[in-house]
Amino acid sequence: MIPTKISALIAFVAIAAIGSIAAINRPSSHKANTDNKGFAVIELFTSEGCSSCPPADGLVAKIQKESNDKPVYILAFHVDYWNRLGWKDAFSSADYSKRQQDYAGYLHLQSVYTPQIVVNGKTEFVGSEEGTLRNAIKTSLQKTPGTPLTLAIAAADQNQATIKYTIGGTENNTALFVAVIQKNAQTKVERGENGGRTLSHVQIVRKLQKVSLSGNSGEIKLALPKGFDKQGWEIIGFLQNTANGTVTGASKAAFSTDVSANASGIKDSK
């Protein structure tokens, strides 16, 4: 007869071995969780004429550096309604003010303000609230990936770019928005609330074009803004439900000094 202690030891080893084999054969969920990432489109509405805006500009600059390898897309829209108060923001546009007003409608807000951030067209808050922004990004990245979207810059000169896009299916009321982004700039503000300050900006939207979709692929002719330079500029595209404002997918592409190499700059949210 085998002594009780030895018998118990043999039973423990056997159970452990069975457990090890089961662990080896059990499907791993880590890879699925790693790959099952969402995306975050961060729209900042800002102005050089607003004294509360520089902290928000600084915050998105910090997020941009930290998120360079993640599907986080930052677009800084400079609104024009501050221009009448002493300083004209050279990056501002009435189109960007209208876009912010559209969000006021989508999100049932009584008024617009700066600095304001909207994430994926669904969540809005004061643009300088770092904790709120970080939580919104974390939540967005943990969600199911959005609609696949790829962009390629097929050609570009100083005046026009040709953008090719492919979409992995769309729902009703979906439009593609393509933004020309100047990645960095500085302005010495001479008047207004920020008079005497030199302001730094990142991810400045210099042009935004809406594309009505008739299929899952196509080509866009995009006029480029004055002062365009392939160095330090990029394209960000995103899909948006025009009925409720929800952003459902995003991608970006870098300009290359060699047009034939542009495909290497493609990044998407898949």
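Colleague: Why does Ser97 count as buried in this predicted model?

Modeller: Its relative accessibility is 9%. Buried means under 20%, so Ser97 counts as buried.

Colleague: Where is Ser97, and which residues is Ser97 in contact with, leaving aside neighbours within four places in sequence?

Modeller: Ser97 sits in helix 4, residues 94-106.

Colleague: What makes the pair Phe77 and Tyr96 edge-to-face?

Modeller: A search of the whole structure gives seven aromatic pairs. For Phe77 and Tyr96, the ring centres lie 5.2 Å apart. Pairing needs centres within 6.5 Å. The planes stand at 70°, and over 60 degrees counts as edge-to-face. So the pair is edge-to-face. The pair links distant parts of the chain: Phe77 belongs to strand 2 (residues 72-78) and Tyr96 to helix 4, 19 residues apart. Both residues are buried. Phe77 and Tyr96 also belong to one aromatic cluster with Phe45, Tyr103 and Tyr106.

Colleague: What makes Phe228 and Trp233 an edge-to-face pair?

Modeller: Their centres are 5.3 Å apart, with 75° between the planes. The cut-offs are within 6.5 Å for the centres and over 60 degrees for the planes. The pair is edge-to-face. Phe228 and Trp233 are both buried.

Colleague: How do you know how far to read the coordinates, and which stretches have pLDDT below 50?

Modeller: Mean pLDDT for the chain is 85, and 81% of residues reach 70 or more. Residues 1-36 fall below 50, with seven contacts beyond near neighbours in sequence. Residues 259-270 are also below 50, with 34 such contacts. Where pLDDT is low, predicted coordinates should not be read in detail.

Technical notes
Residues are numbered from 1 along each chain as its sequence is written. This is a predicted model: local features need pLDDT of at least 70, side-chain atom pairs count only at pLDDT 80 or more; totals for chains, interfaces and linings use all residues. Side-chain values use heavy atoms; hydrogens and water are left out. Helices (H or I, at least four residues) and strands (E, at least two) are DSSP runs, numbered from the N terminus. Buried means under 20% relative accessible area, exposed over 50%, partly exposed in between (1.4 Å probe, protein chains only). pLDDT is the predictor's confidence in each residue, from 0 to 100. Contact means heavy atoms within 4.5 Å. Rings of Phe, Tyr and Trp (its six-membered ring) pair if their centres lie within 6.5 Å; planes under 30 degrees apart count as stacked, over 60 as edge-to-face and the rest as tilted.
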